Protein chains: 2
Amino acid sequence: MSVVIVGSVAMDTVKTPLGRVEKALGGSAVYAGIASSYFARPCVVGVVGDDFPQDYITLLKKKKCDLSGLQIIKGGRTFHWEGVYEGDMSHAHTLSTCLNVFEFFKPELPCHYRDSGYLFLANIDPELQLYVLDQVKNPELVLCDTMNFWISGKRESLIEVFRKSHVILVNEGEAKLLTGKTNLIQAAEELLELGPSWVIVKKGEHGAFLLSGEDYCSVPAYPLKSLKDPTGAGDTFAGGFIGFLSSRKGLSKEHFRRAMAVGSVLASFVCEDFSIYGTCSLTKKKIETRLAKFCEISKIPKIILK
Amino acid sequence: MSVVIVGSVAMDTVKTPLGRVEKALGGSAVYAGIASSYFARPCVVGVVGDDFPQDYITLLKKKKCDLSGLQIIKGGRTFHWEGVYEGDMSHAHTLSTCLNVFEFFKPELPCHYRDSGYLFLANIDPELQLYVLDQVKNPELVLCDTMNFWISGKRESLIEVFRKSHVILVNEGEAKLLTGKTNLIQAAEELLELGPSWVIVKKGEHGAFLLSGEDYCSVPAYPLKSLKDPTGAGDTFAGGFIGFLSSRKGLSKEHFRRAMAVGSVLASFVCEDFSIYGTCSLTKKKIETRLAKFCEISKIPKIILK
């Protein structure tokens, strides 16, 4: 099965207490693409300049990414983000953002992408997300992400994206900002009313929860003693989540719960190294082993009160 | 089985966005005592003044609390705390603390308490916690709680309490303050090295986790759309946790995991009403029903990758 992933393809300069990388491969579409590649064929839609290293193209192709939706702008420069993490690394401090060719990104889906059943709209301008939605035929599952910037600046378009999506993915701050609620369950319920069938609230080291009309499921974060670089954790979660779902038949409650675990486990791998190095060389066996441990963490044996 | 609970017995004036109570029954020993009463006989050790209402004594006795360890000081006034919760209610703002008779509290265990197998040392001066530990014979399980005030002010005594305890109960902030670590898993591992066999880190709306040499278990918080008053949630968790364990044979990993669920569920009940009104009229059936829902929340069906 193929999964269409629309988002940024970037070069990131990142500093954390455990090191630094310069112009490393990054961007939401890259993180999600690599995570989904273990379950599906990632059809990437993005834009780079011709400064984008051939090695990165090679790496993405090695991960079976379809790059026919990746625009390469001659004479253009690739989106470059520079950030630093300190303390508990729960937040990145942006040092600089050079949008470069990403500023004029207009996502065009190659014909053979358009009837894909699975679509991940990573965090881009909601107007562009709508533009993508106009290009797809009748996707079985649309997962969309966003950020504070669009919540404040393009709320109406964003709500329209939510209305047309099946699953929306927000972090705690975004859920609160979107709804004005301080209680996350209340916030998620209100988001459900906007149209999607499922809402996922990501809580970083505290895991994530999924709410739908018929289910509530909470997963922990896989316990990591040492985070090297949390960049891309959310997009990696999304890629693992939608990739896994695309590999199953039907969108049952049980598959959604499994997908929450798969997304969380992939996200834990990406935090263990810089850039995509934590996820680009995984094996099914490695993922399965950690998944088994992950599922064990929150298992509670049957309780009968005396 | 009996559980000895040493802590404060108080009258609380609490304001939250959903209401206000004045001089309501509170205190760590009360919250823990009532929660444990569904599984064990709570042997309360505390102090009050003779202003402590007879109704509160009656209520505690109705919950089968043994009050022979409750000192009533003639002419004295009961510990009174006044606080307010705002926003997401994750933190209380203290308006006033009148220790009154609690300032001179010296916990004395009646003879028949001393060979109890289960002891909860709620948050009091670690020197008093040590004084209690000197009075008990050979408890099977000592659970201890503390707070920032003692971590900063009486660190050495506190470390000695930890060394003599089997389970220590801290919140996120306390775990970080105690160890200087920002990573909670690292912090919990360092706390284990101080002597206890189990460390529980409470994370409020994000649940709690348990770490021992042989297990790591994470539980969510029971999802509440509306918190009325979170006062006493931690002590209620502790009371449910130790009460449940005392009702089982042996301290197996499985029983500890069950106890984490029981503690969480009791804590969810207490947040649904002011004071102890959320927990004082429960039934086994009600607890069991919520426990079943609680265990369902984090259940992940078996995953086999293709």
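Helices here are DSSP runs of H or I with at least four residues, numbered from the N terminus. With that in hand, select A:S28, which lies in helix α1 (residues 28–36) of chain A. Before moving on, some housekeeping: this is a predicted model, where local features need pLDDT of at least 70, side-chain atom pairs count only at pLDDT 80 or more, and totals for chains, interfaces and linings use all residues. Residues are numbered from 1 along each chain as its sequence is written, chains are lettered from A and ligands numbered from 1 in the order in which they are written, and side-chain values use heavy atoms, with hydrogens and water left out.

Is A:S28 buried or exposed? A:S28 counts as buried because its relative accessibility is 7% (buried is under 20% relative accessible area, exposed over 50%, partly exposed in between, with a 1.4 Å probe and protein chains only). Now show what A:S28 touches: setting aside neighbours within four places in sequence, A:S28 is in contact (heavy atoms within 4.5 Å) with A:G7, A:S8, A:A122 and A:D235.

Next stop, the cysteines. Over all chains, the structure holds zero disulfides (a disulfide being a pair of cysteine sulfur atoms within 2.5 Å). Select A:C111: the nearest cysteine sulfur, that of A:C43, is 13 Å away. A:C111 is exposed, at 68% relative accessibility. Then jump to A:C217, where the nearest cysteine sulfur belongs to A:C295, 10 Å away. At 0% relative accessibility, A:C217 is buried.

Definitions and conventions:
Helices (H or I, at least four residues) and strands (E, at least two) are DSSP runs, numbered from the N terminus.
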